[in-house]
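Good morning. I have a few minutes on one model, so please look at the sequence and the structure as I go.

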Amino acid sequence: MDFSKLKGQIYLDKKFLNCDKAKIHVLNHSLHFASSVFEGIRVYDKKILFLEDHLKRLINSSTIMKLNLNYSLKRLSDLNHLIIKKNRIKDGYIRPLVFRSSHSMSPETENCYTQLAIAAWKWKVLFGNESGIKINLSRYPKLNSKIYPIEAKSSGSYQTSVISKIESQKKNYDDCLMLDLNGNIAETTACNIFWIKDNIVYTSKKHSILDGITRQAILEFCKIKKIKVRIGDYKLKHILKSECVFVTGTAAEIQFVKRIEKNKFKKNSIFNELKSCYQIIKDNPPEKISDIKKLF
Ligand code: PMP
């Protein structure tokens with residue numbers, strides 16, 4: 001899809017504009033220095049899944065990156081509802097972006113102001129591969145919270161993910177697993193990772209990942225269904241010896257991984273149960289993670 005040809009409206013700097021009018025200058029600070037933060041939010045049957053959690057993360061990412069996002073949670077929420085209404089989105093995706101203006105071409109940002117854009121488009125799912133995806137290992141480690149504010153969903157943190165994804169796809173893989181700086185399992189280029197072994201669900205600690213909202217939902221499902229969970233620092237061999245592997249994200253939902261390089265995995269009953277839980281929230285999207293329990 002060529003997003004520069006998107007039809008409909010985009011919110012930019014306090015106005016709803018036709019998509020072809022929502023433009024920024026090529027000498028924009030964020031284009032040169034990746035000084036922006038964003039969210040990816042899903043719409044199912046005109047309802048916005050976990051809107052409050054996504055907007056709180058957007059506000060937090062902006063604060064961490066010293067972007068002065070001058071919008072309340074309520075105003076951001078209203079704008080997200082408006083953008084799907086104006087674009088008549090039933091099932092789709094919303095992309096709010098907070099970025100700096102074109103008032104500096106160096107890391108200096110004194111004269112830059114903060115801009116907000118919100119776009120939305122019709123979309124189904126990222127991989128949508130029932131039989132499972134194949135992933136390999138990235139040659140780049142994920143950044144960790146000692147060297148980068150990894151808890152922010154910031155454009156700057158995606159550079160090694162972008163290169164890694166290109167390299168994986170060239171080798172005919174769908175995506176890749178990235179380890180942390182100490183060789184522990186972190187996450188894939190744009191998803192969190194889980195694996196199941198002896199009826200226990202495992203996932204990585206938060207220091208080298210984006211703490212995904214879908215990840216938090218999976219942990220909540222496990223609590224509700226009384227499935228044992230271990231969150232920790234695990235080496236590659238731990239996941240390679242597991243039965244079932246899956247990745248999670250707003251765009252990917254819950255996606256089964258059939259292979260990590262030559263190592264094969266199978267779907268099992270816990271995976272199927274978690275997938276059914278996800279279907280329940282897709283059918284009736286809660287505004288926030290803490291509301292999940294009301295659905296069970
Ligand atoms: N990790 C990374 C690096 C991501 O880009 C994403 C997608 N936002 C995720 C994890 C999953 O996060 P979420 O479930 O909030 O979409």
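Helix 2 passes helix 3 in a right-handed crossing. A crossing is right-handed if the near helix is turned clockwise from the far one by less than a right angle, and left-handed if anticlockwise. Helices here are DSSP runs of H or I with at least four residues, strands are runs of E with at least two, and both are numbered from the N terminus.

This is a predicted model, in which local features need pLDDT of at least 70 and side-chain atom pairs count only at pLDDT 80 or more, while totals for chains, interfaces and linings use all residues. Residues are numbered from 1 along each chain as its sequence is written, and side-chain values use heavy atoms, with hydrogens and water left out.

Two packed helices are described by the angle between their axes and the distance between the axes. Helix 2, residues 51-64, and helix 3, residues 73-86, pack at about 120 degrees, with their axes 10 Å apart. The axes are lines fitted to C-alpha atoms over the stretch in contact, and the angle runs from 0 to 180 degrees between N-to-C directions. That angle makes helix 2 oblique to helix 3; under 35 degrees would be roughly parallel, over 145 roughly antiparallel, 65 to 115 roughly perpendicular, and the rest is oblique.

Which residues meet? From helix 2 they are L51, E52, L55, K56 and I59, and from helix 3 they are L73, L76, S77, N80 and H81. Contact means heavy atoms within 4.5 Å. By class, this contact has five nonpolar, three polar and two charged residues. Nonpolar covers Ala, Val, Leu, Ile, Met, Phe, Trp, Tyr, Cys and Pro; charged covers Asp, Glu, Lys and Arg; the others, Gly among them, are polar.

Next, salt bridges: a side-chain nitrogen of Lys or Arg within 4 Å of a carboxyl oxygen of Asp or Glu. The count comes to 17.

R42 forms one with E253, their closest N and O atoms being 3.5 Å apart. R42 lies in strand 4 (residues 41-44) and E253 in strand 15 (residues 253-260), so the pair ties together parts 211 residues apart in sequence. Both R42 and E253 are buried, where buried means under 20% relative accessible area, exposed over 50%, and partly exposed in between, with a 1.4 Å probe and protein chains only. R42, E253 and K282 are linked in a network of salt bridges.

The side chains of D2 and K5 also meet in a salt bridge, at 2.9 Å from N to O. D2 is partly exposed at 39%, and K5 is exposed at 56%.
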